[in-house]
Amino acid sequence: MTAVRIAIIGASGAIGVRHVGFLQKNPATEACALVDTAPQAEELARRNGIPFFADYRAMLDEVRPDGVIIATPNRLHVPMALDCIARGIPTLVEKPIADEIGPALELTAAAESSGVPVLIGHHRRHSPIVQRAVEVIKAGELGQVVSAVAMHLRRKSDAYFKAQWRREEGGGPLLINGIHELDTLRVLCGEIEELQATTSNAARGFAVEDTAAITMRFQNGALGTLTLSDAVQASWAWELSSGEDVRYAQELTNAFLICGTKGSLALPTLDLCWNERGGGEADPLLRKRLPIVPADPWYVEVDHFAKVIRGEEKPLVTPADGVRTLAAIEAVKESARTRAWVRIDDLIDRHRTQPSPRQTGTRS
Ligand SMILES: NC(=O)c1ccc[n+]([C@@H]2O[C@H](COP(=O)([O-])OP(=O)(O)OC[C@H]3O[C@@H](n4cnc5c(N)ncnc54)[C@H](O)[C@@H]3O)[C@@H](O)[C@H]2O)c1
């Protein structure tokens with residue numbers, strides 16, 4: 001099998017460097033070009049023996065890669081992806097799909113009308129833990145899902161906040177972490193119909209939030225909450241408890257509790273409890289821990305992208321899907337501002353009918 005040739009734009013950034021490693025490790029993929037505007041990027045490419053470009057359009061036209069990974073700042077995702085689609089090149093766009101819903105809808109329309117596959121980088125969808133949980137819920141083992149509790153509670157180091165952008169809007173736990181938690185809740189519990197949120201910066205005193213509390217209603221009638229803070233001494237957070245992020249030692253705690261009429265499931269431990277007789281508290285719950293074969297979801301995502309390029313699989317996370325997760329985050333921000341409940345469909349419709357000024361002519 002010939003390896004698919006994949007280029008990375010934003011290759012010397014935090015996630016870009018990891019993508020270089022995934023492509024090099026996988027015999028089904030080859031890193032055919034690295035693109036970045038940062039001074040250290042050329043040296044990274046030279047060290048790895050990979051052609052380097054500072055201009056991504058020049059790379060697309062010269063190298064003609066089989067696929068492209070876009071790992072640049074959020075605002076650049078859509079214009080870069082549109083340039084890839086115009087050249088018929090399948091693209092993996094890092095999460096979030098865009099920095100605003102308007103451009104995200106534009107990318108969705110372009111991908112759908114062109115038929116060029118676009119995969120959005122919500123890597124946790126490729127987690128074997130999440131996929132096993134979805135199987136259990138779909139098989140009805142929890143009965144009707146009634147409520148969900150999600151947590152992202154941890155303390156990030158003071159050094160982490162030395163970068164100015166992490167202290168400003170967009171650098172806090174909502175957009176960096178909450179987007180993964182809301183996306184995971186969508187996969188486990190179905191579409192979010194509406195939500196209400198409140199945020200606080202009282203612990204660190206930065207312009208950006210350090211803490212948020214969100215209440216949501218799912219389309220199937222279930223209710224859920226998500227509490228986020230990056231300023232507390234705790235490890236109820238997926239990255240710290242799943243063992244999937246090699247940067248952290250694994251703590252056997254949980255980050256999600258999905259509760260149904262027959263049973264409940266805790267993730268990431270995959271502890272399932274249930275009562276087949278439907279009894280009350282006096283009737284003890286049965287318990288088991290579900291086995292899985294662990295895997296690195298980021299690696300699996302890039303392997304899936306190679307299969308998408310070969311035409312063997314369809315993108316697991318489509319642009320339309322990415323829009324709904326981005327809309328959930330936008331709804332949180334709007335609700336925190338207005339204190340009102342926000343319906344996700346209304347928010348998306350508003351952007352469809354009143355396109356933002358950036359929605360046309362994003363391609364310079
Ligand atoms: N899936 C995940 O878990 C995950 C994790 C981290 C980051 N991300 C996403 O990946 C993206 C990048 O995040 P990061 O933390 O790696 O940021 P970063 O700032 O570390 O990296 C971004 C890179 O893009 C480069 N860049 C900027 N403008 C460019 C241009 N015009 N052409 C080429 N390169 C350019 C920068 O020089 C930098 O090296 C963001 O969208 C982020 O949300 C996803």
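Me: Which domains does the lining of the largest pocket draw on?
Reply: At least three lining residues come from each of domain 1 (4-124 + 298-317) and domain 2 (128-293), with bounds from an automatic or database domain assignment. This is a predicted model, where local features need pLDDT of at least 70, side-chain atom pairs count only at pLDDT 80 or more, and totals for chains, interfaces and linings use all residues. Residues are numbered from 1 along each chain as its sequence is written, and side-chain values use heavy atoms, with hydrogens and water left out.

Me: How many residues line the largest pocket, and which lie nearest its centre?
Reply: The lining has 48 residues, and Ile15, Asn74, Lys95, Trp165 and Ile176 lie nearest the centre. Helix 7 gives the largest share, four residues. Helices here are DSSP runs of H or I, at least four residues, and strands are runs of E, at least two, numbered from the N terminus.

Me: Turning to helix 4, why is it described as largely enclosed?
Reply: Helix 4 (residues 77-86) is largely enclosed by the rest of the structure because nine of its 10 residues are buried, meaning under 20% relative accessible area with a 1.4 Å probe, protein chains only.

Me: What do those buried residues pack against?
Reply: They pack against strand 1 (4-9), helix 3 (56-63), strand 4 (67-70), strand 5 (91-94), helix 5 (101-114) and strand 6 (118-121), a contact being heavy atoms within 4.5 Å.

Conventions
Buried means under 20% relative accessible area, exposed over 50%, partly exposed in between (1.4 Å probe, protein chains only). On a 1 Å grid over the protein atoms alone, a cavity is a set of points where a 1.4 Å probe fits but cannot get out, and a pocket is an open set with protein on both sides within 12 Å along at least five of seven lines; lining residues have an atom within 4 Å of a point.
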